[in-house]
Amino acid sequence: MTYRGLSSAEAEASFEKWGPNEIVHIRKLSAVEDFFSRFTNPLILILFVAAILSGFLGDKISAITIIAIVFLSIILDFVNTHKSQKAAEALKNQVTTMVTVTRDGKSQSIPLSHIVPGDIVTLAPGNIVPADGVVLEAKDFFINESSLTGESFPVEKVFGDKVIMGSGVTTGNATIRAEVTGTNTKFSHIAAALSARQAPTEFDRSIKSFSALIIKVTFILVTFIFLVNALFRHDFLQSFLFSIALAIGLTPELLPVIISLNLSKGSLAMAKHGVIVKKLSAIQNFGSMDVLCTDKTGTLTEDHISLFKYIGADGEVSEEVFDWAYVSSSYSSGSANPLDSAVIDFHKAARAGMSAQAADRTEKKIERELLSEYKKVDEIPFDYDRKRTAIVVEKVLKNGKAGARTLISKGAAEELVKVCSFGAGQKGKKREAEVMDLYRKLSQDGFRVLALAIKPIKIKKADREAETRKEVYNKNDETAMKFLGFLAFLDPAKKSVTETLALLEKYGIEIKILTGDNELVTKKIAGDIQLPVKGVLTGAQLDALHDGALDAAIKNTTIFARVSPEQKEKIIKALQRAGRVVGYMGDGINDAPSLKAADVGISVENAVDISRESADIVLLKKSLETLTRGVVEGRKTFANTLKYLMMDLSSNFGNMFSMAGASLILPFLPMLPSQILFNNMLYDSSQFAIPLDNVDEDYIERPTRFSIRFIKKFMVIFGVLSSLFDFVTFFTFYFLFHFGAGPFQTAWFLESITTQTFVVYVIRTRKIPFLQSSPSRPLIISTVGVVVVAWLMVFAPIGKFLEFTPLSFVSIIAIILITGAYLVLSQAVKEWFYKKIIK
């Protein structure tokens, strides 16, 4: 039937009414809204109120200075974040799922999010059902609703049946009419419930808990500092301004921004290597991954499968085997199957030992005598219990009457022989054993092998006379079949993958092969690429193991053969119980559950829709080399995120105690509110270059997980060290130099911004800075630039607005000596920390 579908005007009106077809619709803020939303931060609002009060009370310079610094900080935050988010969004659009619809009477491809109620949608194997709808036409149409209904087997849908958004098409073709889209679909309600229960990652929880800890401690200390200064030493407004400015300087309000910025820039770097990050938080897991579960096709092999030979049960070439295989493959409506494609493509090239002309004659013979003389009656789709597919065809007679029917089954030899009849007694058993011996020999030679059997279907005389025949067949009809032979396919191992495997081993990533193919051909491929095989488990053996036994066996197993999607998911969970960070690479219809179960799901651009949508990361090319480059970039991104975290937490922890101690000792504020805000703005500016920093090779070579224990110890030790040198500064300038408020505040400002900015050179590496590990040029420029700006502000006329006081040459030398001593001691403490504390 021909459908006109919606007109462009109708589709546009429907889109305006119902909105985008997204299960969780979050309205994106415009650039203007995003900018002004930053002013809703409670601390920012308090600063504005304080600045206004200062202006009313006559301190207009302080009011203008505070407002100017706040605006500059917000602009800096907005520009960097908006630019990275826009670039990251553009990358995600590269892997947008497209849907075939009929509009204005023409078939066209549109993004899934543009589907509206009333759209006529064409579905094929591998597609996602894009909306809740009703089936208009269907041919052998089976969909997987397991993620929605819990039903593990595909369900057939016929005319008038309802289909649910999010289901995956496994077999056949259909035309549906979309009825409900977006947040009104059943899938949206299920997804919302799942999202509400979804636990945050270890990284997310750690960041949140540390941020909360610092905010709580800061609140207590800032309240203490405010009360001490307001009640005993200074006026209320000045103490209030100082406390709020201190709270902004100490709280990690930019921590989420820096992390998001780092991850966004990391995703851009990964995109240059053909790795598209759909979920930014997956970068941390990608870098931490220490085991990769993958199929061999296309990853370890060339992904170019060709039919090499077709033989009978006696091992000789059999035209009958090829002819029935050709009919079966041609009429199969299942998902795009490379083995079926290889059979169909075979007639385009000369057969072994034949000329091109002979191949042409063969092609014509097949088309004339087989496809034109048989029509498809029904199909029994592939499933992971039977591990085979079946087609029922009917002979077309010249008189127009229905001819004989034949059931053609092809699939895994181990399963197909179970429904074949080889004869009675020892003779039958011997023939079956000979068949399996031939199968094992082909597999050991590196061939992917399909077994093929047929069964003539007997028709009752009454049905023949009444011209009524059975139209629907199922797996129960696959009995007493006649075994014909084998089709042997070749997908050679990738020559380049051996070097990549060595590189993955260097980076601490173990490869485990999870395949539906048999263990013999998989071991042959593993040998060809020099992949050490510690052990082999088949799906049948795996089913016999309880969880405890599987956990023990999985450590010493490299190949998992003949495994189903459910078994793949079971393997992933067993690895996770063992403390491994698991990556799973898949591109098929049945890979979606495993992609979701893994710590990081990896798919490829040309994967079926359901797999690509389930993945966290999409490779533009199915290649271990591409994946390896992505892992390296992921580890760099996480390393640089950790650098900022270590800097921020240790610096804040030290400053808390410094400010608390200074408030008890000094008769004046250790730094003015405007100076604290300016210091904070400059420091934050220098940190935006951390995502572009170099990362030491030894850090990249091993998976690194977020360690709360490590961060706590680092924060305490380096926080105390930072606070110690703050007190050295207090003592030097107050007790030795006898500085008053202006010179003291200026000296501490310079010492504070210089030490906390330059210490990044020490913290960023476990090695000796510059001599053994060089920071990136952007980081050097940003840190040196910030310190230069800070020092110029002090001595420039504009520094008067911040109430800076020019310092003497001797005091400048003292600041330089204190800074140098701090950096040298930080390096010594760092070496001690990694040798003695972190082992």
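What is the mean pLDDT of the chain, and what percentage of its residues reach 70 or more? This is a predicted model, so start by colouring by confidence. The chain averages a pLDDT of 82, with 83% of residues at 70 or more.

Stop 1: Select residues 193-199. Here pLDDT stays under 50, and the model has one contact beyond four places in sequence. Move to residues 350-364. The pLDDT is below 50 here too, but this stretch has 14 contacts in the model beyond near neighbours in sequence. Where pLDDT is low, the predicted coordinates should not be read in detail.

**Stop 2: the open sheet.** Show the eight strands in the order β8-β21-β20-β19-β9-β16-β18-β17. The sheet is open and its pairing is mixed. Go to the edges: β8 (275-277) at one, β17 (536-538) at the other. Each has a single partner strand, so one side of each is left without a neighbour in the sheet. From one strand to the next, the twist averages 20°.

Now pick out β9 (residues 291-294) and β19 (residues 582-585). They pair in the parallel sense over four bridges. Click Thr294: its bridge partner in β19 is Met585.

**Stop 3: two positive phi values.** Most residues other than glycine have a negative phi. Follow the loop between α18 and β17 to Gln530. Its phi is positive, about 60°, although it is not a glycine. Gln530 is exposed, with a relative accessible area of 61%.

Then jump to the loop between β11 (374-383) and β12 (388-396), and select Lys387. Lys387 is not a glycine either, yet has a positive phi of about 55°. Is Lys387 buried or exposed? Lys387 counts as buried, at 16% relative accessibility.

**Stop 4: a helix pair.** Finish with α28 (residues 741-758) and α30 (residues 777-795). Their axes are 9 Å apart, at an angle of about 175°, which makes the two helices roughly antiparallel. Display side chains at the contact. From α28, they include Phe749, Leu750 and Ile753; from α30, Val787, Ala790 and Trp791 are among them. By class, this contact has ten nonpolar, four polar and no charged residues.

Notes: Residues are numbered from 1 along each chain as its sequence is written. This is a predicted model: local features need pLDDT of at least 70, side-chain atom pairs count only at pLDDT 80 or more; totals for chains, interfaces and linings use all residues. Side-chain values use heavy atoms; hydrogens and water are left out. Two strands pair if DSSP finds at least two bridges between them. Axes are lines fitted to C-alpha atoms, for helices over the stretch in contact, and angles run from 0 to 180 degrees between N-to-C directions. pLDDT is the predictor's confidence in each residue, from 0 to 100. Contact means heavy atoms within 4.5 Å. Angles under 35 degrees count as roughly parallel, over 145 as roughly antiparallel, 65 to 115 as roughly perpendicular and the rest as oblique. Ala, Val, Leu, Ile, Met, Phe, Trp, Tyr, Cys and Pro count as nonpolar, Asp, Glu, Lys and Arg as charged, and the others, Gly among them, as polar. Buried means under 20% relative accessible area, exposed over 50%, partly exposed in between (1.4 Å probe, protein chains only).
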